[in-house]
Amino acid sequence: MDSRYDQRTLNESDSKTSERSSSSTITSKRKSLWKRYKWQMKDYFYIHICIFIFNGLLGGLVVVIIENYIKPNRFMRVQFIDSWFVASSCVYNCGLTTMDFARLSTYSQVALMLFTIASGITVSTLPALMIKARTHKREQGIMVDNDHLAYNIQSESTKKSEYSLEAEKKISRLPTAEQLRYRAYLFCLLLIPLTCITIYVTAYVCIGGWLQTQYKPYYLKQDGRPVNPWYASFIITVTGFNQNGLTTWSDNLTRFVNDTILCTFVMLLVMSGNSFFPFIFRNVIMFVRWVVPWHHKIIFDYILLNNHRLSTVLYPTIQTRMYLTVTFGLYALSIIVSFVLDYNSQSFASYSAGKRLLIFVFHTIQARFAGFQTIDITLLAEGTLVIYLLLMAVKPQMLCALDKAPFELEWQTIQDKETVYIEAERRQSSLDSIDDASINSNVFPIRHFYRYLRNHSVDARQRAEQHFAPKTDSHRSPSRTRKTTQIKLRLFLFLIARRMFSHSFTFLTRTRTWLFIFIFLICAFESHHMTPIDENVTFFKIVFEVISAFGAVGLTTGYPNIKSSFSAVLSVPSKVILILTMLMGRHRGLLDSMKDQEKIEYSAYTLLERWKRMARDEHPNPNFPTESELLPPEIKPRTFASNRPSRTRYIIERPRPNAPTRNQRSIY
């Protein structure tokens with residue numbers, strides 16, 4: 001009995017140890033898979049989309065629970081599709097609504113504002129900075145960009161004899177390459193929220209103070225209840241900075257159409273959240289750089305030089321100027337068209353010339369980003385509304401993704417024509433050919449498809465004849481000829497099928513294609529009550545609503561006797577399509593921005609070398625050879641003449657000392 005018991009105990013212990021070993025093996029495999037996984041910044045794009053979808057659904061559920069159960073709404077019964085639509089509009093920073101936002105309870109409005117702040121363009125990109133800061137905190141682990149690869153580079157300029165005592169003191173206070181990278185991300189994480197909070201507080205105080213001092217409580221009523229001016233200022237500030245365009249009144253800002261000061265505050269707030277924010281943030285960094293001590297200035301140089309490769313809200317200098325130029329150009333175009341088409345309109349006869357100008361400027365700015373309205377925009381001419389469509393569809397932020405290589409190449413061509421001129425012409429001709437091909441494929445798809453079939457059929461025929469046809473005609477037979485023909489046809493069909501599949505996939509992944517599909521589907525779902533059945537449901541209104549959702553603007557043509565957007569009269573499938581459109585518009589360009597952050601243009605090591613030479617030149621060492629005897633190291637941009645593999649943007653070159661030639665005898 002004892003032997004049997006001992007044998008059973010041994011078997012149980014062996015099974016337990018085997019289970020433990022198997023579990024530990026699985027755990028180690030999981031850990032090894034996690035360690036081997038290479039994190040890329042484009043992964044953040046997909047996580048960003050999933051979180052936004054979840055926040056939209058969660059926000060809709062919160063609003064339904066509050067309005068139907070916690071604090072029942074006495075004005076309307078809230079459906080989940082409507083609460084989901086409004087919550088998604090707040091999360092995606094759009095502003096379209098299918099129910100009256102002003103009639104929601106205070107709890108629902110505050111909850112939606114929290115979702116709006118958390119999903120703003122400036123705040124939602126902070127986790128990407130946190131991820132990069134975390135990877136740069138430790139030298140080992142996940143690397144998300146190519147600036148990790150210069151740790152062990154030895155510099156020739158680190159010799160003690162090269163620097164004077166004053167230069168050595170200044171250089172000793174400079175951060176290391178690892179510290180420079182990490183601190184740059186920390187300062188971005190600090191300055192972006194501080195800039196946003198400053199704009200929030202300034203706008204909140206200005207708008208709240210103006211409403212408090214200039215308007216009586218009865219003028220601010222909503223459904224017979226007075227609205228606290230400071231609470232109204234909170235809603236306007238949050239939704240204005242984040243492009244939602246929602247207010248605590250059902251008529252939006254119509255009652256303030258003659259208030260020049262308030263409209264000016266709102267316009268500046270909207271532009272500070274979008275048009276001017278890259279410009280404001282760049283100047284904030286430059287101001288802080290001017291204030292901090294010398295050894296901290298290099299951190300802000302690193303931020304300014306790498307700009308959008310560190311943060312999506314910071315653009316390069318050239319792109320920032322182009323962005324502002326295009327934005328103001330679109331503003332000027334819209335204002336001029338409004339003056340030409342609507343200045344003498346009977347709908348605005350009751351307004352003075354100054355008020356008409358204010359209305360045109362206000363709605364031009366709102367058509368770019370937010371959806372605040374002081375008039376019914378259906379009173380404007382159709383040509384003006386078409387210009388508004390252009391303003392909502394165009395996104396100047398895409399300019400930050402422009403390739404600066406053609407500009408830099410042209411600059412290098414001017415400096416060194418002998419080495420770069422041929423390459424510049426080749427690069428320019430290739431760019432022109434790509435542009436022509438894209439234009440032909442977009443403007444003339446039928447002609448392009450016809451040419452495509454003809455070219456590939458000829459190519460397939462030539463390849464097949466060259467590969468399969470016999471070399472002499474004497475060995476040909478009817479069966480051989482038929483077999484060759486079959487092979488030719490098979491090769492031709494294979495090439496056509498493969499090319500058509502790739503081009504179809506590319507065509508379907510384009511944003512314009514999906515916008516066309518969305519407009520078609522909404523028209524199909526709403527065909528039962530469109531014009532002429534209902535004159536207020538037209539094709540133009542559907543297109544306007546889709547473009548407004550895609551541009552994350554929230555401007556709407558509305559529907560008679562309904563205080564919410566035109567989307568309120570659409571069916572459930574159409575509302576779901578508009579939610580997808582808002583999601584697509586909110587994330588356009590983000591994937592390219594995340595990919596750009598994987599490639600750092602100006603490495604920390606190169607920047608440190610430059611600052612060390614600046615300290616050496618400022619405090620020269622009298623015992624060290626002068627520049628006439630030994631030239632300082634030169635940093636020059638990469639060109640096609642010196643286009644060798646490099647992890648950094650610059651190539652560090654040091655002229656060799658005067659070494660003896662082969663024919664000259666060395667002196668010892």
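These legends walk through several close-up views of a predicted model.

Local features here need pLDDT of at least 70, side-chain atom pairs count only at pLDDT 80 or more, and totals for chains, interfaces and linings use all residues. Residues are numbered from 1 along each chain as its sequence is written, and side-chain values use heavy atoms, with hydrogens and water left out.

**Figure 1. The protein chain as a whole has 23 helices and 4 strands.** Helices (H or I, at least four residues) and strands (E, at least two) are DSSP runs, numbered from the N terminus. Of the 668 residues in the protein chain, 44% are buried. Buried means under 20% relative accessible area, exposed means over 50%, and partly exposed lies in between (1.4 Å probe, protein chains only). Contact means heavy atoms within 4.5 Å. Among contacts between residues at least 6 apart in sequence, 75% join residues at least 24 apart.

**Figure 2. Helix α13 (residues 353-368) packs with helix α14 (residues 382-393), their axes coming within 7 Å.** Two packed helices are described by the angle between their axes and the distance between the axes. Axes are lines fitted to C-alpha atoms, for helices over the stretch in contact, and angles run from 0 to 180 degrees between N-to-C directions. Here the axes cross at roughly 40°, and α13 and α14 are therefore oblique to each other. In this scheme, angles under 35 degrees count as roughly parallel, over 145 as roughly antiparallel, 65 to 115 as roughly perpendicular and the rest as oblique. On the α13 side you will find Phe360, His363, Thr364, Ala367 and Arg368, which meet Tyr388, Leu391 and Met392 of α14. The contact of α13 with α14 has 5 nonpolar, 2 polar and 1 charged residues. For these classes, Ala, Val, Leu, Ile, Met, Phe, Trp, Tyr, Cys and Pro count as nonpolar, Asp, Glu, Lys and Arg as charged, and the others, Gly among them, as polar.

**Figure 3. Helix α14 also packs with helix α12 (residues 317-342).** The axes of α12 and α14 are 9 Å apart, at an angle of about 170°, and the two helices are therefore roughly antiparallel to each other. From α12, Leu330, Leu333, Ser334, Val337, Ser338, Leu341 and Asp342 take part, meeting Gly383, Thr384, Ile387, Tyr388, Leu390 and Leu391 in α14. By class, the contact of α12 with α14 has 8 nonpolar, 4 polar and 1 charged residues.

**Figure 4. Tyr204 and Trp230 belong to the aromatic side of the story, as the structure holds 23 aromatic pairs.** Rings of Phe, Tyr and Trp (its six-membered ring) pair if their centres lie within 6.5 Å; planes under 30 degrees apart count as stacked, over 60 as edge-to-face and the rest as tilted. The ring centres of Tyr204 and Trp230 are 5.5 Å apart and their planes are at 50°, so this pair is tilted. Tyr204 lies in helix α7 (residues 177-214) and Trp230 in helix α8 (residues 229-241), so the pair ties together parts that are 26 residues apart in sequence. Tyr204 is partly exposed, with a relative accessible area of 29%, and Trp230 is partly exposed at 31%.

**Figure 5. Trp294 and Trp611 form a tilted ring pair.** Their ring centres lie 5.1 Å apart, with the planes at 55°. This pair links distant parts of the chain, with Trp294 in helix α11 (residues 294-306) and Trp611 in helix α23 (residues 604-618), 317 residues apart. Trp294 is partly exposed at 23% relative accessibility, whereas Trp611 is buried at 3%. Look for Lys170 over the face of Trp294, at 4.1 Å from the ring centre. A charge sits over a ring if NZ of Lys or CZ of Arg is within 6 Å of the ring centre and within 35 degrees of the ring normal.

**Figure 6. Phe339, Tyr343, Phe348, Tyr351 and Phe360 are linked into a cluster by ring pairs.** Arg356 lies over the face of Tyr343, at 4.9 Å from the ring centre.

**Figure 7. Asn252 and Asn561 each have a positive phi although neither is a glycine.** For Asn252 the phi is about 60°, and for Asn561 about 65°. Asn252 lies in the loop between α8 and α9 (260-273) and is buried, with a relative accessible area of 16%. Asn561 lies in the loop between α20 and α21 (572-586) and is exposed, with a relative accessible area of 83%.

**Figure 8. The peptide bond from Thr531 to Pro532 is cis.** Its omega is near 10°. Pro532 is found in the loop between α19 (511-525) and α20 (539-550).
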